[in-house]
Amino acid sequence: MAPWRRKADGTGERASEADTIVPTPTQKHSICMVSDFFYPNMGGVESHIYQLSQCLMEKGHKVVIATHAYGRRKGVRYLTGGLKVYYLPLQVMYNQSTATSCFHSLPLLRCVFVREAVTVVHAHSSFSAMAHDALFHAKTMGLNTVFTDHSLFGFADMSSVLTNKLLTVSLCDTTHIVCVSYTSKENTVLRAALDPRIVSVIPNAVDPTDFTPDPARAPRGRITVVVISRLVVWCSLCSV
């Protein structure tokens with residue numbers, strides 16, 4: 001539900017979705033990225049959140065990150081450019097994902113949202129219990145919500161069935177959803193029974209200039225192939 005805003009004549013009206021989501025050149029958002037997966041853990045979601053946060057800060061927006069504690073890394077830490085990270089004391093259940101009940105995380109996440117005057121909560125990854133909790137709590141506080149899905153899921157095994165049911169509940173009134181490919185969009189729309197019009201595709205970006213080899217150092221009679229992929233998946237495929 002869109003929040004109320006005060007007009008110049010003193011009367012109130014409910015802001016439209018466009019007013020609350022699309023920033024004007026003078027409007028800046030306070031964005032909270034939420035996911036169980038962030039540094040010092042390594043992976044594609046972790047680097048995606050970090051790089052996206054840096055780009056948003058360059059645009060003038062305020063960005064903070066909420067994730068669970070990693071060992072002795074607890075409390076508040078600061079990364080490059082003043083990026084603020086909350087390492088919350090939540091219990092890890094499996095594969096760096098926290099146990100979820102939707103209630104034990106409420107005091108901590110609400111404290112972050114209120115303290116940082118958050119206007120947009122951006123959750124990442126279907127595997128992240130913190131992401132689902134954050135979407136639920138943000139919607140009860142009347143905040144705008146965005147969800148980015150990074151993975152493809154099946155429909156038959158028990159893990160996929162349970163995750164898809166949870167995703168259906170979490171995304172039923174989420175403001176907007178982002179997928180990293182058109183195949184991922186089709187997969188997410190089917191899994192969560194979504195309206196395709198609220199799902200956007202923003203492919204993972206690669207700057208080819210960072211991977212351009214030096215022609216002067218090219219070996220004679222040999223072709224160099226540069227492969228860019230998620231090495232976690234690549235290693236698991238190689239071990240089959």
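**Why these labels: burial, rings, salt bridges and helices**

Me: What makes Phe127 partly exposed?
Reply: Phe127 has a relative accessible area of 46%. Buried means under 20%, exposed over 50% and partly exposed in between (1.4 Å probe, protein chains only). The value of 46% falls in between, so Phe127 is partly exposed.

Me: What kind of model is this, and how are residues numbered?
Reply: This is a predicted model, with residues numbered from 1 along each chain as its sequence is written. Local features need pLDDT of at least 70, side-chain atom pairs count only at pLDDT 80 or more, totals for chains, interfaces and linings use all residues, and side-chain values use heavy atoms, with hydrogens and water left out.

Me: Why is Ala138 called buried?
Reply: Its relative accessible area is 0%. That is under the buried limit, so the label holds for Ala138. Ala138 is found in helix H4 (residues 129–140). Helices (H or I, at least four residues) and strands (E, at least two) are DSSP runs, numbered from the N terminus.

Me: Which residues is Ala138 in contact with, leaving aside its neighbours within four places in sequence?
Reply: Phe113, Val121, Leu143 and Thr145. Contact means heavy atoms within 4.5 Å. As for Val120, its C-alpha atom is separated from that of Ala138 by 8.4 Å, and the two residues are 18 apart along the chain.

Me: How many aromatic pairs does the structure hold?
Reply: The structure holds 4.

Me: Why is the pair of Tyr70 and Tyr87 called edge-to-face?
Reply: The ring centres are 6.4 Å apart and the planes stand at 85°. Rings of Phe, Tyr and Trp (its six-membered ring) pair if their centres lie within 6.5 Å; planes under 30 degrees apart are stacked, over 60 edge-to-face, the rest tilted.

Me: Where do Tyr70 and Tyr87 sit?
Reply: Tyr70 is in the loop between strand E4 (62–68) and strand E5 (75–79), while Tyr87 is in strand E6 (residues 83–88). They are 17 residues apart, and the pair links distant parts of the chain. Tyr70 is buried at 12% relative accessible area. Tyr87, at 2%, also counts as buried.

Me: What makes the Phe127 and Phe153 pair tilted?
Reply: The centres are 4.7 Å apart, with the planes at 40°. That angle is neither stacked nor edge-to-face, so the pair is tilted. Phe127 lies in the loop between strand E9 (120–124) and H4, Phe153 in the loop between strand E10 (144–149) and helix H5 (158–170), so the pair ties together parts that are 26 residues apart in sequence. Phe153 is buried, with a relative accessible area of 8%.

Me: How do you know that Glu116 forms a salt bridge with Lys62?
Reply: The closest N and O atoms are 2.8 Å apart. A salt bridge is a side-chain nitrogen of Lys or Arg within 4 Å of a carboxyl oxygen of Asp or Glu, so the Glu116 and Lys62 pair qualifies. Glu116 lies in the loop between helix H3 (106–115) and E9, Lys62 in strand E4, so parts 54 residues apart in sequence are tied together. Glu116 counts as buried at 4%, whereas Lys62 counts as partly exposed at 38%.

Me: What links Lys62, Lys84 and Glu116?
Reply: A network of salt bridges. The side chains of Glu116 and Lys84 meet at 2.9 Å, N to O. Lys84 is in strand E6, so this pair ties together parts that are 32 residues apart in sequence. At 17%, Lys84 counts as buried.

Me: Which residues of H4 and H5 make the contact?
Reply: His132, Leu135 and Lys139 of H4, with Leu166, Leu167, Val169 and Ser170 of H5.
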